[in-house]
Amino acid sequence: MSINIEKIRADFPILNQKVHGKDYVYLDNGATTQKPIQVIDAVSDFYRKTNSNIHRGVHFLSDQSTKAYEAVRKKVQNFINAEHEHEIIFTKGTTDSVNLVAFSFGEKFVDAGDEIIISAMEHHSNLVPWQMLCERKKAKLRILPFNKNGELELDKLPGLLNEKTTLLAVTHVSNSLGTINPIKDIIETAHKFNVPVLIDGAQSIQHEQINVQDLDCDFYVFSGHKIYAETGIGVLYGKEKYLKEMPPYQGGGDMVDHVTLEKTTYLDTPFRFEAGTANYVGAVSLGVAIDYINSVGFENIAKHEAELLKYATESLKKIEGLTIYGKAKNKTATISFLLDNIHHYDTGMILDKLGIAVRTGSHCTQPVMDFLDITGTVRASFAFYNTFDDVDRLVEGIKKVQDMFA
Ligand code: PMP
């Protein structure tokens with residue numbers, strides 16, 4: 001089976017409109033993905049028929065809401081093949097999930113003088129929370145570098161790992177370079193030193209089937225909005241053996257066992273990490289998005305996106321005065337580039353006037369830009385609903401930009 005692109009595009013109403021009078025070309029999927037009508041309708045239906053706060057109601061709709069929310073926990077468990085349902089914690093997104101681990105794991109397991117390893121290609125979301133933790137606990141942040149092609153220098157990893165290392169946090173896919181990191185090897189190496197590994201899955205969950213047990217990662221985090229669901233919902237997967245030991249991140253309703261004015265006891269995972277009214281409607285949207293992706297099939301998604309990447313890379317390479325940043329052998333369908341003597345903002349603004357949405361700037365990876373000695377790039381990031389025609393429009397647009405600046 002291959003992808004039925006017309007049928008798929010018909011499911012995404014936002015793609016079928018004109019922007020600045022032109023057919024819309026959306027190439028900013030790394031920032032957020034568009035939503036299929038199935039997700040949009042499910043959210044609207046939920047508010048029409050089911051909405052009620054979860055977990056504490058005895059009435060009919062509260063029970064329905066609770067069942068819908070908990071069913072998605074089970075769905076996510078199956079989607080990423082977690083061993084236990086209670087290893088799935090709903091959060092606001094990747095950033096929230098990383099902060100939860102940095103605070104809670106940090107409280108329990110990180111002491112002064114300990115070390116945490118991250119890579120030099122992390123999104124600020126998987127960098128700043130670790131810096132904050134290290135400052136708080138007087139621990140040391142150690143950095144795994146990458147080379148000019150945008151590939152991690154894995155030979156340097158064993159030299160960074162030692163008995164003081166408490167955690168390694170690394171992105172599966174770089175949002176600014178497109179590199180797919182060999183996380184299975186990284187996890188295996190870290191585990192030889194008994195170091196748990198957190199994987200930032202913000203840019204991988206939408207492109208390939210994740211199997212957390214096969215990867216043997218200790219934490220895996222992602223955002224719903226990057227996988228065709230709503231904003232404000234995300235997931236933290238954590239191995240039971242760590243979650244059970246970790247203290248709550250936030251206090252409030254829904255996470256408590258017994259409260260007196262003097263002392264509170266907490267529920268077990270996952271509830272102890274879900275204080276306050278959860279984004280249960282967001283969770284419902286995530287469940288529908290997962291069904292949608294499964295109906296398209298990861299094999300089809302991967303094949304189509306690989307073809308788009310190949311065609312786009314070959315087409316962009318032919319343009320004189322265009323430099324691609326991020327030349328890893330194993331890449332996702334994301335291309336960062338610059339045009340000679342043209343600022344990335346100017347390129348992005350002109351492409352926008354031509355109906356083409358790309359992202360410009362540092363993509364929340366300022367250290368990556370510093371390493372490359374540039375201030376930012378233009379980034380075209382593809383999803384399975386993009387077409388070869390979208391690539392042609394991008395190429396045409398880039399040529400117009402160059403003509404205007406000639
Ligand atoms: N990590 C990576 C690799 C990302 O691409 C992003 C989003 N750009 C994040 C983390 C943060 O995700 P969110 O803003 O949804 O929390």
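The ligand sits in the largest pocket of this predicted model, where sitting in a pocket asks that more than half of a molecule's atoms lie within 2 Å of its grid points. A pocket here is an open set of points on a 1 Å grid over the protein atoms alone, where a 1.4 Å probe fits and protein lies on both sides within 12 Å along at least five of seven lines. The model is predicted, with local features needing pLDDT of at least 70 and side-chain atom pairs counting only at pLDDT 80 or more, while totals for chains, interfaces and linings use all residues. Residues are numbered from 1 along each chain as its sequence is written, and side-chain values use heavy atoms, with hydrogens and water left out.

**Ligand surroundings**
- The residues around the ligand (a heavy atom within 4 Å) include Thr 94, Thr 95, Ser 125, Asp 200 and His 225.
- By class, this shell holds one nonpolar, nine polar and two charged residues.

**Ligand contacts**
- Among the N or O pairs within 3.5 Å, a ligand oxygen lies 2.6 Å from a side-chain N or O atom of Gln 203.
- A ligand nitrogen is 2.8 Å from an N or O atom in the side chain of Lys 226, and a ligand nitrogen is 3.2 Å from such an atom of His 123.
- Of the 400 Å² of accessible area that the ligand has on its own, the protein covers 84%, by the Shrake-Rupley method with a 1.4 Å probe.

**Overall fold**
- The chain has 14 helices and 17 strands, taken as DSSP runs of H or I with at least four residues and of E with at least two.
- The radius of gyration, 22 Å, is close to the 22 Å that the globule rule gives for 406 residues, so the chain is as compact as a globular protein of that length; this radius is taken over C-alpha atoms, and the rule is 2.2 Å times the number of residues to the power 0.38.

**Backbone details**
- Thr 269 and Pro 270 are joined by a cis peptide bond, and Pro 270 lies in the loop between β12 (264-266) and α10 (280-296).

Technical notes:
Polar contact = N/O pair within 3.5 Å; in protein donor to acceptor, adjacent residues only side chain to side chain. 1 Å grid on protein atoms, 1.4 Å probe; cavity = no way out; pocket = protein on both sides within 12 Å on 5 of 7 lines; lining within 4 Å. Nonpolar A, V, L, I, M, F, W, Y, C, P; charged D, E, K, R; others polar.
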